[in-house]
Amino acid sequence: MNLSVQHLWVIPALPLLAAVIGALTPRRGRTLAAGAAIAAMVGAFVVSCLALHTALVDPAAKLVHNFAWFDLGSGVLRLGWLLDPLTAFMCVMVTFVGSLIFIFSLGYMKADANFKQFFCFLSLFAAAMLGLLVANSLLLLFICWELVGLASYLLIGFWFHKPSAAAAAKKAFITTRIGDLGLLLGLLWLYNSTGSLLFFDGGAGVLETAALGSLAGQITVGGLAVSTAIGLLIFCGAIGKSGQFPLHVWLPDAMEGPTPVSALIHAATMVAAGVFLIARVYPLMSADQALTEVPLHALTVVAFIGAITALMGACIAVAQNDIKRVLAFSTVSQLGYMMLALGVGSWVAAIFHLLTHAFFKALLFLGAGSVIHAAHHEQDIRRLGGLRGPMRVTFATFAIGMMALSGVPFLFSGVWSKEGILHAAHGWNISHLPLIAALIAVVLTAFYMTRLVAETFFGKARSHEADHAHENSAVMTVPLVILAVCAIALGFLGTPAFPWLQARLLGETEVHGHSLLEGGGLMMLSIVLVAVGLGGGWAIYGRKPRVAENSRDPLVTAAPGLMAALSARLGFDELYAATFGRLGNGLAALAHFLDQWVWGGAVGMLARFGEFIGIVNREADENGLNGGFDIVSERIRGSGRVYSRAQTGDAHGYLRWVAMGFVIIMLVVVLGGAR
Amino acid sequence: MSSWPLLSLIIFVPWVGALLLALFGRNLGARSRRALGFGFSCSTLALTILVLMSFDPAAVGYQFVEHHAWITALDVHYHLGLDGLGLLPVMLTGIVSPLCLLASSRIERGAHTFGALFLLLQGAALGVFLALDFFHWFLFWELSLVPAFFLIKLWGGPGAGRAAYQFVIYTLAGGAFLLLGFAALYVATGTLDFAELTRLAATGELSPKVAALGGIWPKAVFLGVFLGLAVKVPLFPFHTWLPSAYAEAPTGVSMFLTGVMSKMGVYGFLRILWPLFPEQLHAAAPCLLGLALGGVVLGAFAAMKQTDLKRMVAYSSINHLSYCLLALFAVASVTQPDAAVAASALSGTLLQMFNHGLSAAALFACVGILEARSGGRRGLVDFGGVRTVAPLFAAFCGVAMFSSLGLPGLNGFVGEFLIFVGVFGLAPWAAAVACLGLLATALFLLTFWQRVFHGPVGAGVASFRDLNRVEFLTLLPLVILMFVLGVLPQLVIALFNPLVTAWAANLP
């Protein structure tokens, strides 16, 4: 059974309907709201599978359906849906992971008073995210992109009575909006240069040959091709949304939201939207590749930003003590890998890693959620420990996720997708620095994940909460098991021997695998690096587990300065507060000052002048012309004089304006008449 | 139906209501007094719907025209007419005015006078949007100040007296310049009819006639008209009367000032200044673009610094209206601009006018609701945790706020997007700078939201009740429109698109 592209809107519409139902049900309608949300998500999953089936009939085809949104001058502004393997795979992933996380939330949020609202916001998020995926227009994508940001804002701040959550929500919205303004400018530029925002439109779309040729052919400021400039502006949006350096600061704070939110939005799906965006507009991003005389290619910037982020995120993750923050910085780092892959020219490697990462990172976050739920909201790994025994399912599945993320060969999906990225970075002929950064990050990833598992699950329980933890109900563990299975199985869709997924993404119907021995040197190296990371982590944290909550971390003993800096996230927040924060406040103070004193002051002076003339005039009138008449009444008025002077001064001024106006008109009429 | 003077009815039915309230209001019970005022205020919406049923958007010229000789000696005619440009603010007045009265229903002291003055104000504003002869257009323009003055001064906050004087005198001074400009124009052309003047300008006969005045007059005429309108919008830096006037006025009047009165200025720019003085506007455009940008950026940043919520929302109005003018000035700054780009900018201006009316009125209503609960406090730090105790109110206020900061899916986005498309195509640097305003708007509105609605329940907030029926009915129509127009902007765009297309095709 096939799904016609005209009906692709059903995929985002189902969760949107659930969101509306959730919004309109009263607070006690918990079952209805949650039921609608889960049913809609499962329904969307089924429809997404149909869409995937349709897309794979001819993977090279771009199935589009465009429609008018509103009239604009003599034309119309059009939006549209797009179905190709990229969209279809992403939709299937989002709806599948989303369904599991929705179900997990039933258990996790059971005791929350705003249970119903939670499912309403989750559905809103899913609708926006799916809309973003099926959009065939950069404008529609941008609209959904912003709505995803809104949902993220609402969910980070879900426990809004906590000031930290409220502040984190605002920070996330503002930081991503900075990137979004870049995206908006890129969109405007694109629209002005091509007259369209549709990706594919029978040859007239912005990602089709005609438009790309003209965009790459024009040169703008700094000798850049227009396509490069637009590409970089669009990339700003991706930097914000995907937590890339230097706008990564919001993502760790976003962990203030409930853990299912962190799993779905801030690990598996929304933060990957930036990667999806760049993959979607890849023809535009790479349109300048053929040019030789331009100073910069857009993708070079993407590669370096990705490499910096991958390394930086992994470094900071080593020094975090909050189970969710470790995973958050790990997400930052992994998104960096994906950007790196995009930058070095392999967008299919990026999407493959996006898909595998979505499953194992959702698994890890839900595992963390399971731990947090069991340990009565204790998130500090120094106060956990020894959970291996009481939480067997959580431990086993978390370990699978950890091995997938670390890139343990050969069973786990992470190794295959990361391999593709390293391979692509190796083949990049501009610089080898990104490859080196990525390889260092491989060691660090294995290291911090081993540390996380060792501290959380091994040793002895180091707090009352951890001591009393026990395994959660099936509604929470079953999603973990399913995700764990996927974290293993998914890798086999895209091994080098049989890269089925990559071939379909590229629009090929035949799969050309090659032997694992080709390029085996790099693979061997990365396996060795993973082993070093795992071994190092185990040697430091696993063999001699932490005894007490306040015992010193061996690394802190070894390098206190470095660890303090990493633990303080390298001081980006303080830096931004001291620079941009101050600049913003300074501008606000300046604007306020100008208003109070300069513009307002000038008007005030004018008014004072008018008042002065009024007083002079009145004094002259009263004393010179009819002074004697008024002396008596003047005395009667007595005490209220100061007040009345101010008031009548104004009123005089007002009358004077009218009088002046009339006089001038008379003059004009007379002069005009005399002419 | 067509034989009825619909436009005259739109203007004068509220005045009939004002008269009835002024004469008999004292003897009526509170309930029937309110119903009388509300009913007459709703007449605008009802009559506008009648008009809409036979309004033909495709006809670019004036419709429902009423044209009668009035003062023959001065060649003054009673001339009313409606096109897409006029229809939008009339619709807006129809929607917002009854809601202003609903938001004022707590007023007890002198309630019938309040109602009468408000209806007087409503009729005068409608007159401005419908009159096509300068003579009575200007009468309506100035008449609207009188009730506004008393409404602010008598029912406003502690600083209302000063704010009302400042508002009236500043606007009157602007009006004096406007009058002066038109007096000179009358001397030059012998007519005060907008349609006739527009025709003269389009055929190129106007500028030689004005030039024949000699001396500084050609420039002075433009400057006079410009100043009068700039103060009214207000254009930066003629805006200093606005924050105190909006902040000190009672809630319902603040809603009307921002929802309707601020549109009079923008309307004047589009109806008068731009068609009559294209060359002068073109010459001044680079400078004016700078002023509009000043309003966009400094208005938003000044709002960040405000601790009084009403002043904050007032500054956000300066920012939002500056977008309208930014787009218009961008169009004027380029000779023979691309028709599609110009159409975007102008559509954006009209849409932004309408959308700002809805969202700013809703925000003022929300601050008013906070004031009503807290005994008049409205400081940024006076609240906290309101969302915990009043979730429905929080949701409505949140929608209004996100509409105001231009979130896609709500009405504010489409207008701002079209403005940015147009401005980027005509003056890319201006669009880039204006982005700063978007960022600052998000910053201060989210700060507003965070401080008032989030965090632990503040002192005195715990006893807040959620929206009552009247407050719910005040906000509901606005919130519904925000959603509907965010998804289906075509509903409004269809009314003015042919007009904008014609404008864009005939740009100098």
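Colleague: Which residues of H20(A) are called buried?

Modeller: In this predicted model, the buried residues of H20(A) are Met476(A), Thr477(A), Pro479(A), Leu480(A), Leu483(A), Ala484(A), Cys486(A) and Ala487(A). They pack against four helices of chain A: H3 (85-108), H15 (347-374), H16 (392-406) and H17 (413-426).

Colleague: How do you know what span to expect for H20(A)?

Modeller: Helix H20 of chain A covers residues 474-489, which is 16 residues. The expected span is 1.5 Å times one less than the number of residues. For H20(A) that gives 22 Å, and the helix reaches 22 Å from its first C-alpha to its last, close to the expected value.

Colleague: What does Ala362(A) touch, leaving out residues up to four places away in sequence?

Modeller: Ala362(A) touches Val97(A), Ile101(A), Ala263(A), Leu264(A), Ala267(A), Ala268(A) and Leu483(A). Leu483(A) is also one of the buried residues of H20(A). Ala362(A) is among the residues with the most contacts inside the largest nonpolar core, together with Ala438(A), Leu326(B) and Val423(B). That core has 471 residues, and its largest share, 22 residues, comes from helix H7 (residues 160-189) of chain B.

Colleague: Why is Ala249(B) called buried?

Modeller: The cut-off is 20 or more other C-beta atoms within 10 Å. Ala249(B) has 28, so it counts as buried. Its place is in the loop between H11 and helix H12 (251-276) of chain B. Neighbours within four places in sequence aside, Ala249(B) is in contact with Leu151(B), Ile152(B), Gly156(B), Ser254(B) and Leu257(B).

Colleague: Is Phe64(B) buried or exposed?

Modeller: Phe64(B) has 21 other C-beta atoms within 10 Å and the cut-off is 20 or more, so this residue is buried. Phe64(B) lies in strand S1 (residues 63-71) of chain B. Its phi is positive, about 55 degrees, although Phe64(B) is not a glycine.

Colleague: Which peptide bonds to prolines are cis?

Modeller: One of them runs from Phe245(A) to Pro246(A), with omega near 5 degrees. Another joins Phe236(B) and Pro237(B), where omega is about 0 degrees. Pro246(A) lies in the loop between helix H8 (226-241) and helix H9 (250-253) of chain A, while Pro237(B) lies in the loop between helix H10 (217-232) and helix H11 (241-248) of chain B.

Colleague: How many residues does each chain bring to the contact?

Modeller: Chain A brings 50 residues and chain B brings 55. On the side of chain A that touches chain B, H6(A) gives the most, with 14 residues. By class, that side has 33 nonpolar, eleven polar and six charged residues.

Note on methods. Residues numbered from 1 in each chain as written. Chains lettered and ligands numbered in written order. Predicted model: local features only at pLDDT ≥ 70, side-chain atom pairs only at ≥ 80, totals over all residues. Contact = placed C-beta atoms within 7 Å. Helix = DSSP H or I, 4+ residues; strand = E, 2+ residues; numbered from the N terminus. Nonpolar A, V, L, I, M, F, W, Y, C, P; charged D, E, K, R; others polar. Core = buried A, V, L, I, M, F, W, Y, C linked by C-beta atoms within 7 Å. Buried ≥ 20, exposed ≤ 12 C-beta atoms within 10 Å, placed from the backbone.
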